[in-house]
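Subject: Handover of a structure and the findings on it

Dear colleague,

Please find below the structure that I am handing over to you. My notes on it follow.

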Amino acid sequence: MSTSSPPTETIVLGGGCFWCTEAVFDRVQGVLDVESGYCNGQTVNPTYEQVCTGRTGHAEVVKLEFDPAQISLREILEIFFVVHDPTTLNRQGNDAGTQYRSGIYYTSDAQKQVAQEVIREIGASKTYSSPVVTEVAQLANYSAAEAYHQDYFLNNPNQGYCAFVVGPKVEKFQKTFASRVKA
C-alpha cells in the first residue's frame, strides 16, 4: 500500500526586502518551506548585486510551500498585507526600487482569483488611506537567492537591519496572528 503525502501549494510573494518576508513566513503554521529569491524580471539567474541595480526587472521575493489543509492562501495573504505596506510603489520603508515592489506571483488561476478578491476587499474596507498597488502576476523567471540570504534573520538576529527592521515585523506578526505562530 502506497502512502502519498498531502498536496502542497506554492505561492511567491514580494513584500520589500526578502529578509523581512522570509523571517515572518518561517514562523507561520502550515508554511512548510520558505526560500528567498528573485522573480518576474528579464535576467536569467540574476545575482543580488544585479537585482539591486533595479535594471533586471526582478522583485525580491519569498517562495512559500504551504499545506492548504493547515492554512489557506487567503490566510497567508492576510498575514502578507499586515506585515508590509502594499500602498507604496516600489518601496518598503527606506528600501526603494522596483526590486522592493509589493507583489503576488501566482502559480494557478485559483490563486490569482483569491489574490484579486483579497485586494478588492482591502480596498473596499478602506484599511489603508492610499490604494493598494500590489502587483498580481503569473510567476515567471524565478531563481533562488544566494545561500547567504537564506534564513538571514535566523542566522543574523543582531545585525542592525535585522534588529531594527526585520525584528519589529516578526513581532507584529506574532502579536497580530498569535494563533498562526508555529509551536
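What is the volume of the largest cavity? The largest cavity has a volume of about 30 Å³. Here a cavity is a set of points, on a 1 Å grid over the protein atoms alone, where a 1.4 Å probe fits but cannot get out. Grid points are joined across faces, edges and corners, and a volume is the space filled by probe spheres set on the points.

Please note that this is a predicted model, in which local features need pLDDT of at least 70 and side-chain atom pairs count only at pLDDT 80 or more, while totals for chains, interfaces and linings use all residues. Residues are numbered from 1 along each chain as its sequence is written, and side-chain values use heavy atoms, with hydrogens and water left out.

The cavity lining

The largest cavity is lined by G15, C20, T21, F80, V83, H84 and K169; a lining residue has an atom within 4 Å of a point. Both α1 (18–25) and α3 (73–83) supply at least two residues of this lining. Helices (H or I, at least four residues) and strands (E, at least two) are DSSP runs, numbered from the N terminus.

Buried means under 20% relative accessible area, exposed over 50%, and partly exposed in between, with a 1.4 Å probe and protein chains only. Among the buried residues of α1 are W19, C20 and T21.

Strand β1 (residues 9–15) is also largely enclosed by the rest of the structure, because five of its seven residues are buried. Five bridges join β1 to strand β3 (residues 59–66), and the two run antiparallel; two strands pair if DSSP finds at least two bridges between them. I11 stands opposite L64 in β3. Four bridges join β1 to strand β6 (residues 102–106), again antiparallel, and G14 has G103 in β6 as its bridge partner.

Cysteines

The structure holds zero disulfides, a disulfide being a pair of cysteine sulfur atoms within 2.5 Å. C17 counts as buried, at 8% relative accessibility.

The segment after α6

A178 is found in the segment after α6 (160–176). With a relative accessible area of 54%, A178 is exposed.

Note on methods. On a 1 Å grid over the protein atoms alone, a cavity is a set of points where a 1.4 Å probe fits but cannot get out, and a pocket is an open set with protein on both sides within 12 Å along at least five of seven lines; lining residues have an atom within 4 Å of a point.
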